[in-house]
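User: I'm new to this one and would like to walk through it slowly. Could you put it up on the screen before we start?

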Amino acid sequence: MKSHYRAVVIGGGVVGASVLYHLAKFGWKDVCLIERKVLTAGSSWHAAGGFHALNADPNIAALQAYTIDLLSEIEQESGQSVGMHMTGGLTLAGTPDRWEWLQSAYRTFQSIGIDDCRLVTPQEAGELCPIMSTDGILGGMWADREGYVDTTGTVHAYAGAAKKRGAEVIENNRVLELHQVDGGWQVVTEKGTIHTEHVVNAAGLWAKQVGRMAGIELPVAPLNHHYLISDTIPALENLDFEVPMTVDLEGFTYMRQDQKGILLGIYEIDHEHWMVDGAPWEYGFELQQEDPDRIERELTLGFERYPDLQNVGVKTWVNGAFTFAPDGNPLVGPVRGKPGYWCACGVMAGFLQGGGVGKSLAEWMIHGEPEADVFGMDVARFGDYAQNKRFIKETTGQFYTRRFVMTYPNEQLPAGRPLKKAPAYDAMTDAGCQWGVSWGLEVPLYFAPSKDFVETPTLKRSNAFPIVAEECKTVRESVGLLDISGFSRFEVSGAGAEAWLNRVMASKLPSAGRARLAPMLSPDGRMKGDLTVFNWGDGTWWIMGSYYLREWHMRWFNDHMDSDVSVRDISDATVGFSLSGPNSRKVIEKLTDGPIADLPFMGCGTFDIGMLRCKVGRLSVAGELGYEIHCSAAEHITLRDTLLAAGAEFGMRETGFNALLSLRLEKSFGIWSAEFTQGYTAGQTGMDRWIDWNKGDFIGRDAAMKERNAGGPAQIIVTLEVDSFDADASGYEPVWKDGKRVGFVTSGGYGHTVGKSLAMAMVDRDAAAEGTDLTVHIVGQERPAKVIAPSPYDPSGQAMRG
Ligand SMILES: Cc1cc2nc3c(=O)[nH]c(=O)nc-3n(C[C@H](O)[C@H](O)[C@H](O)COP(=O)(O)OP(=O)(O)OC[C@H]3O[C@@H](n4cnc5c(N)ncnc54)[C@H](O)[C@@H]3O)c2cc1C
């Protein structure tokens, strides 16, 4: 062990070994991995080693596909067998909705280029897995590249390949303390102290403690998990192939062959956390006592699905722990305020995801940004609110129990809620508000006619469809009132504020009393934000964006900060309402004697609104005449009462974000996580039209200019009209032209004003011309679609400028 390394990876499980391998592979040779005991001594040694294609987040599914390809590569490089069994895999659907969902998932795979899957009938599924009963199965999906590996062999293969590339592995050496010092970290270990620029928390079951060593409270908790390995099953002895890795979603089990028996793993309905503050330091190769009583229901389903289990004994029980984040995805990336501290933890499927995690993190550390859009596993997708122990227990427990339970796109899950509530929450609930959640904050979805209204979970249009239609009509024809507490607000001030904004935003800055749309780019020209900048004219500026990106944006601002600028996140202290619709000016005029009628489109200023002093911007995401009115949290209830009272005579009613999503689609206004992501360039998304090419340097300028000079991107975003009658596109559905895949849907929904099913899609340029006939898979069914001109509602923008 040396006294200095460029990077130190803490933890010799599959994730740490993969990070080490990728660092060495991408060029950092002066790196080491420190392991408390021996490699695999956490969750990794007792894992079932299975890998499969499915993930609810297509970006993570793509990284899983990368991992699967990598496994044979590291075997070759290291000379260490990974014990690869590429058996192929089956995912089974046991209800009509699940079968439709699986057909949609199959199409999503096509969108992201995973083409080795096919749908199978119950009979085919039975032929592929002859020891399985097909009772109750409606269909399945087959994937060629699914199977299992030897877990210990795989960790040693990653580590061996890393060592061949110059990295070091130091075992039997616990990291005791971490100290942030000038230029990096001091890593105090049992065998001495190391100075390093970068430290990686890949401590698996101990990630919580290794976070705390740096003053970080990670939203992660371990849960117990059972599998059993059966004695020999005679039917398997007679087969000349291995049965596939099979996931029975409605049965809560996964199954793979293990020699001539099977391994049956269970996602436990009655889940059990284990050592939520982190595993004991002495813990290593022990397991927990099995508890068949607690998992009796799932076991019964498993024994019915694989009837041979009823005739043979259980050879081995495994009940071990592994870690989960609240949404089940890994926690990867840098932590705000802790330069050189990187996370690679909370990985609940390390053999499936470890390769992608290692690759992305190594790119991030070496090049400053990962290649893929990894927001779904970025540690900054959570904020301080997620440090609460009860929140972590509730949400990780919910994820675990529902791991194989179908979640509908319109379904609201209860764990960890309500957590943050804008002050008018109770009054809005009384008015029928149905709530969704964004980053712990309750946000209004729509206002139901009665408090007893229950929305039916569905993949198609729900019974809330007519309610949302009415809200859209209100906005288009009179005026809608929307609680906009669920936007982020950053206050920028200081002598260098303007210069800093000019550097981090790609757009021209607004003049005093104006607001402006501002794309924010990374140095490689990809999107970092679709923000709105306000110039209040008194030396303070606001940046407004998506509430759930608060920590992610704050980390970016911090990383690109100037010394004479202050950026404050005021999102919870400042809340507000928007008025949208032709009557909105009449409402606001009644409440102020200020020159509100003179406020131009995209103008902003401070006005008396009733008894309150508010900041007002004239803009509307719905594409109508509209005002966004901001007040302090203490004034939220009063502002709502004031606006409701003034709006009554103009037909005003409260509306929610479901209506806004439909209204913005009719204007072809993109939104983050759909049309805009960190995976796309400004040119692809059309946001380049807001770039100020003449203002001098800004972050991402060279890359954006290069794209422009090269004739623009290969794919762009278009608006589609879809011929669909009971369901709408939601995102990642493939788009076809003459049988060839030409792109995918970024978002979709029903345009209630134009009376059409609409979608926005990223398509090849030669499929982007207005009038091009295409098809789109909607809930698994191929439907005709056509490229239409952007903004099917009010294309000239008269309504919002009026
Ligand atoms: C029963 C069961 C079945 C599973 N089946 C599968 C499956 O089929 N497929 C799949 O992909 N995943 C499966 N998993 C999950 C898988 O085991 C984990 O995702 C994976 O092992 C996580 O790896 P890791 O490297 O993050 O953590 P770990 O394996 O826990 O490794 C962390 C390492 O860090 C070391 N460490 C911690 N603190 C320190 C310190 N202070 N100093 C030095 N070293 C330290 C530990 O000793 C440990 O070796 C299963 C898990 C269980 C429990």
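User: Thanks. Which residues are linked in a network of salt bridges?

Analyst: Lys 208, Arg 212, Glu 217, Asp 277 and Lys 389 are linked in such a network, where a salt bridge is a side-chain nitrogen of Lys or Arg within 4 Å of a carboxyl oxygen of Asp or Glu. Please keep in mind that this is a predicted model, in which local features need pLDDT of at least 70, side-chain atom pairs count only at pLDDT 80 or more, and totals for chains, interfaces and linings use all residues. Residues are numbered from 1 along each chain as its sequence is written, and side-chain values use heavy atoms, with hydrogens and water left out.

User: How many salt bridges does the structure hold?

Analyst: The structure holds 46 salt bridges. One of them joins the side chains of Asp 69 and Arg 145, with a distance of 2.1 Å from N to O.

User: Where do Asp 69 and Arg 145 lie?

Analyst: Asp 69 lies in helix H2 (residues 58-78) and Arg 145 in the loop between strand E6 (139-143) and strand E7 (147-148), so the pair ties together parts that are 76 residues apart in sequence. Helices (H or I, at least four residues) and strands (E, at least two) are DSSP runs, numbered from the N terminus.

User: Which residue forms a salt bridge with Arg 417?

Analyst: Glu 442 does, and the closest N and O atoms of the two are 2.8 Å apart. This pair also links distant parts of the chain, since Arg 417 is in the loop between helix H10 (389-401) and helix H11 (425-430), while Glu 442 is in strand E20 (residues 441-447), 25 residues apart. Arg 417 is partly exposed, with a relative accessible area of 21%, whereas Glu 442 counts as buried at 3% relative accessibility.

User: Let's switch to the ligand. Which residues come nearest to it?

Analyst: Glu 35, Arg 36, Ser 44, Val 347 and Gly 350 come nearest, out of the 41 residues around the ligand, where a residue is near a molecule if one of its heavy atoms lies within 4 Å of it.

User: What about Val 347, how far is its polar backbone atom from the ligand?

Analyst: A polar backbone atom of Val 347 is 2.7 Å from an oxygen atom of the ligand. For Phe 351, a polar backbone atom is 2.9 Å from a ligand oxygen, and a backbone N or O atom of Gly 49 lies 3.2 Å from one. Of the 1,000 Å² of accessible area that the ligand has on its own, the protein covers 98%; accessible areas come from the Shrake-Rupley method with a 1.4 Å probe, and for residues only the protein chains shown count as cover.

User: Which element gives the most to the shell around the ligand?

Analyst: E16 does, with four residues. Helix H1 (14-25), strand E12 (221-230), strand E16 (314-324) and helix H9 (350-367) each supply at least two residues of that shell.

User: Now Arg 550, is that one buried or exposed?

Analyst: Arg 550 is buried, with a relative accessible area of 8%, and lies in helix H14 (residues 550-559).

User: What does its side chain make polar contacts with?

Analyst: The side chain of Arg 550 makes a polar contact of 3.4 Å with the side chain of Ser 571, and another of 3.0 Å joins the side chains of Arg 550 and Tyr 547. A polar contact is a pair of N or O atoms within 3.5 Å; within protein, one must be able to donate a hydrogen and the other to accept it, and residues adjacent in sequence count only if both atoms are side-chain atoms.

User: Last topic, the largest nonpolar core. Which residues touch the most other members?

Analyst: Leu 178, Tyr 341, Tyr 446 and Phe 534 do, in a core of 69 residues. A nonpolar core is a set of buried Ala, Val, Leu, Ile, Met, Phe, Trp, Tyr and Cys residues joined through side-chain atoms within 4.5 Å. A second, separate core of 46 residues includes Val 9, Ala 17, Ile 60 and Val 200.

Terms used
Buried means under 20% relative accessible area, exposed over 50%, partly exposed in between (1.4 Å probe, protein chains only).
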